[in-house]
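Please consult the sequence and the structure shown below while reading.

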Amino acid sequence: MSKEPHISFHHNIPLEIREVTLKALSHYPKLKEVGIEFLFNENIRKSVMQAQPKFTSMLGAKENRTYVIKVSRNFSLKGKSTPIQDLPEAVLIGWIGHELGHIMDYLNKSNLAMVYFGIGYLSSKRFVISAERDADTYAVNHGMGDYILATKDFILHQAGMSDKYIQKIKRLYLSPEVIMELMENKISEEDI
């Protein structure tokens with residue numbers, strides 16, 4: 001077992017993103033014993049990161065399921081290819097936190113429900129919107145609201161993304177205003 005209280009031997013993380021990944025994982029104590037492998041990928045279809053169960057682990061009990069988070073090795077920042085680890089720390093923590101939100105969502109789904117989830121994700125824009133907003137909500141509810149906001153601000157205002165991509169982000173994910181509202185409601189619930 002690792003000396004770091006928020007991670008165990010169940011996580012395989014590339015050195016280049018280890019520190020930011022550990023910070024994101026620290027917000028999800030329930031994931032401490034869940035097998036998660038973070039892999040660099042040269043080309044993730046229309047994404048920067050992608051969380052999914054490992055197919056082979058879907059053949060057993062959901063409690064033994066393991067996951068992979070694919071991470072693009074490079075990011076197109078203002079039209080220039082930039083190593084992902086060179087993005088601002090808060091942005092990376094938020095991005096990883098969002099993907100961990102997906103894994104939190106997957107934990108309680110049966111293997112059959114995960115198959116339906118995959119089909120829905122590939123075939124329905126409405127399903128994609130629901131899944132992405134659920135992941136954002138999990139992240140905010142686990143204390144990652146400021147990181148999620150940093151990631152949204154980066155994508156929408158700093159990264160030099162195309163208008164088409166920005167519109168996609170606005171359509172699929174929670175708006176900064178909704179995230180702030182969730183953060184306020186979470187804080188007020190904790191104060192009670």
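## The hairpin of strands 5 and 6

In the hairpin formed by strand 5 and strand 6, two residues lie between the strands, and K78 takes a positive phi near 50°. Strand 5 covers residues 74-77 and strand 6 covers residues 80-83; the two pair in the antiparallel sense over four bridges. Two strands are taken to pair if DSSP finds at least two bridges between them. Strands of a sheet pair through backbone hydrogen bonds, either parallel or antiparallel.

## Basis of the model

The model is predicted: local features need pLDDT of at least 70, side-chain atom pairs count only at pLDDT 80 or more, and totals for chains, interfaces and linings use all residues. Residues are numbered from 1 along each chain as its sequence is written, and side-chain values use heavy atoms, with hydrogens and water left out.

## Overall architecture

The chain contains six helices and six strands; these are DSSP runs numbered from the N terminus, with helices (H or I) of at least four residues and strands (E) of at least two. From the N terminus on, the order of the elements is β-α-β-β-β-β-β-α-α-α-α-α. The radius of gyration is 16 Å, close to the 16 Å that the globule rule gives for 192 residues, so the chain is as compact as a globular protein of that length. This radius is taken over C-alpha atoms, and the rule is 2.2 Å times the number of residues to the power 0.38. Along its principal axes, the C-alpha trace spans about 45 × 45 × 40 Å.

Of the 192 residues, 44% count as buried, that is, under 20% relative accessible area, with exposed meaning over 50% and partly exposed in between (1.4 Å probe, protein chains only). Among contacts (heavy atoms within 4.5 Å) between residues at least 6 apart in sequence, 68% join residues at least 24 apart.

Four strands form an open sheet of order 1-2-4-3 with mixed pairing. Its edge strands, each pairing on one side only, are strand 1 (11-12) and strand 3 (49-53). Strand 1 runs parallel to strand 2 (residues 36-41), and two bridges join them. In this pairing, H11 stands opposite I36 in strand 2.

Helix 1 (residues 18-25) has V20, T21, L22, A24 and L25 buried. The cover over the buried residues of helix 1 includes strand 1, strand 2, helix 2 and helix 4 (125-158).

H102 belongs to helix 2 (residues 89-107). With a relative accessibility of 3%, H102 counts as buried. Leaving aside residues up to four places away in sequence, H102 touches A51, A131, E132 and A135.

Is P176, by comparison, buried or partly exposed? At 24% relative accessibility, P176 counts as partly exposed. P176 is located in helix 6 (residues 176-191) and touches L149 and L156, again not counting residues up to four places away in sequence. P176 and F40 are 136 residues apart in sequence, and their C-alpha atoms are 28 Å apart in space.
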